[in-house]
Protein chains: 6
Amino acid sequence: MPEVVVYMVEGRSAEQKRNLLKGVTQALVDNLGVPADAVTVSLMETPKHLKSKGGVPFSER
Amino acid sequence: MPEVVVYMVEGRSAEQKRNLLKGVTQALVDNLGVPADAVTVSLMETPKHLKSKGGVPFSER
Amino acid sequence: MPEVVVYMVEGRSAEQKRNLLKGVTQALVDNLGVPADAVTVSLMETPKHLKSKGGVPFSER
Amino acid sequence: MPEVVVYMVEGRSAEQKRNLLKGVTQALVDNLGVPADAVTVSLMETPKHLKSKGGVPFSER
Amino acid sequence: MPEVVVYMVEGRSAEQKRNLLKGVTQALVDNLGVPADAVTVSLMETPKHLKSKGGVPFSER
Amino acid sequence: MPEVVVYMVEGRSAEQKRNLLKGVTQALVDNLGVPADAVTVSLMETPKHLKSKGGVPFSER
């Protein structure tokens with residue numbers, strides 16, 4: 001029952017996110033030998049002003 | 001000071017969530033012998049299209 | 001498929017932790033109406049010198 | 001590449017959050033000797049009714 | 001700078017874990033269009049007696 | 001009651017980690033106006049072979 005949490009900034013399309021859920025799941029199936037239904041993935045979208053790199057919010061980079 | 005994070009999809013009632021915060025806290029008090037005020041619980045509600053099982057978003061299951 | 005992560009310091013007995021897994025699971029079953037098998041709980045035990053309250057490690061409190 | 005996640009309730013000003021991102025990053029730079037650009041910080045703001053202390057939501061404390 | 005955290009029980013081989021790090025990274029590159037070097041992945045291995053499904057530790061399932 | 005989780009690879013000295021706990025706490029006190037005792041910080045040290053950047057484990061970079 002691996003669970004995956006992806007921390008990312010907002011701004012991806014619905015299709016990108018849908019495909020990401022599928023792709024990450026498949027990576028676990030392929031490499032751990034677990035059935036797909038045992039894998040949950042949560043995408044945690046953070047608004048750009050609430051996430052930083054180098055101390056600078058992504059809204060200002 | 002245990003901290004609990006619950007990852008769940010959106011769609012529960014306000015009362016369910018209020019009771020869940022209380023019930024999880026009580027489980028820690030009962031089993032770890034900590035005072036209730038030492039326990040924090042955060043409910044991370046993920047929109048259904050951002051969480052998947054088996055690679056399929058909960059919005060489509 | 002709610003997933004629960006509990007962040008706690010090391011030092012609890014095997015029995016406390018076993019009961020905690022059961023108790024937290026039951027709190028979700030009772031309050032969200034999900035089947036027990038849909039609930040996963042992970043206990044993340046942090047060594048006392050790697051967790052602090054008030055900036056002071058639990059190993060020194 | 002340390003990553004930091006801060007779990008907090010909603011209600012801080014934009015300036016507080018901006019400064020927090022900078023201050024936490026600086027704490028890692030100062031104490032781990034990593035370059036600022038290697039540090040990411042995510043602020044996870046939880047609505048007050050979804051986070052509790054002592055089993056009581058912050059919206060009611 | 002998406003960051004990924006995978007919560008899993010102990011017991012996978014070194015090669016499985018190495019391939020998993022690569023496979024999850026590739027899933028983000030493919031689906032979000034980010035460079036590989038922007039992606040960090042952390043595998044959080046939980047001992048089997050500290051993680052449960054249905055309230056039963058994986059050490060007893 | 002903000003809680004902070006820092007995901008980092010192993011290999012820092014005891015003193016670095018002790019100072020990091022203090023420094024991160026102070027950053028929250030300074031910028032959110034919370035008392036130090038309301039702040040908990042957990043350092044999650046990941047072995048270098050279990051964390052990657054660009055799909056390559058830190059043990060091989």
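The side chains of K51(E) and E3(A) meet in a salt bridge with an N to O distance of 3.0 Å, where a salt bridge denotes a side-chain nitrogen of Lys or Arg within 4 Å of a carboxyl oxygen of Asp or Glu. The model is predicted, and local features need pLDDT of at least 70, side-chain atom pairs count only at pLDDT 80 or more, and totals for chains, interfaces and linings use all residues. Side-chain values use heavy atoms, with hydrogens and water left out.

Across the interface of chain A and chain E, two salt bridges are found by this rule. The same interface holds five residue pairs in polar contact, both residues being at pLDDT 80 or more; a polar contact is a pair of N or O atoms within 3.5 Å, in which, within protein, one must be able to donate a hydrogen and the other to accept it, and residues adjacent in sequence count only if both atoms are side-chain atoms. The elements that give two or more residues to the side of chain A that touches chain E are β1 (3-9), α1 (14-32) and β3 (51-53) of chain A. Helices (H or I, at least four residues) and strands (E, at least two) are DSSP runs, numbered from the N terminus. The largest contribution on this side comes from α1(A), with nine residues. By class, the side comprises 14 nonpolar, four polar and four charged residues; nonpolar covers Ala, Val, Leu, Ile, Met, Phe, Trp, Tyr, Cys and Pro, charged covers Asp, Glu, Lys and Arg, and the others, Gly among them, are polar.

In total, 22 residues of chain A are in contact with 22 residues of chain E, contact meaning heavy atoms within 4.5 Å. The area buried between the two chains is about 2,000 Å², of which carbon and sulfur atoms give 65%. In chain A, M1(A), N31(A) and L32(A) lose the most area to chain E, together 26% of what that side buries. Buried area is the accessible area (1.4 Å probe) lost by two parts on being put together, summed over both.

Strand pairing also links these chains: β1(A) and β1 (residues 3-9) of chain E pair in the antiparallel sense over five bridges, pairing being assigned if DSSP finds at least two bridges between two strands. Within this pair, Y7(A) has E3(E) as its bridge partner in β1(E).

An open sheet of eight strands runs in the order β4(A)-β3(A)-β2(D)-β1(D)-β1(F)-β2(F)-β3(C)-β4(C), with mixed pairing. Its edge strands are β4 (56-57) of chain A and β4 (56-57) of chain C, each pairing on one side only. In chain C, β3 (residues 51-53) and β4(C) run antiparallel and are joined by two bridges, with S52(C) opposite P57(C).

Note on methods
Residues are numbered from 1 along each chain as its sequence is written. Chains are lettered from A and ligands numbered from 1 in the order in which they are written.
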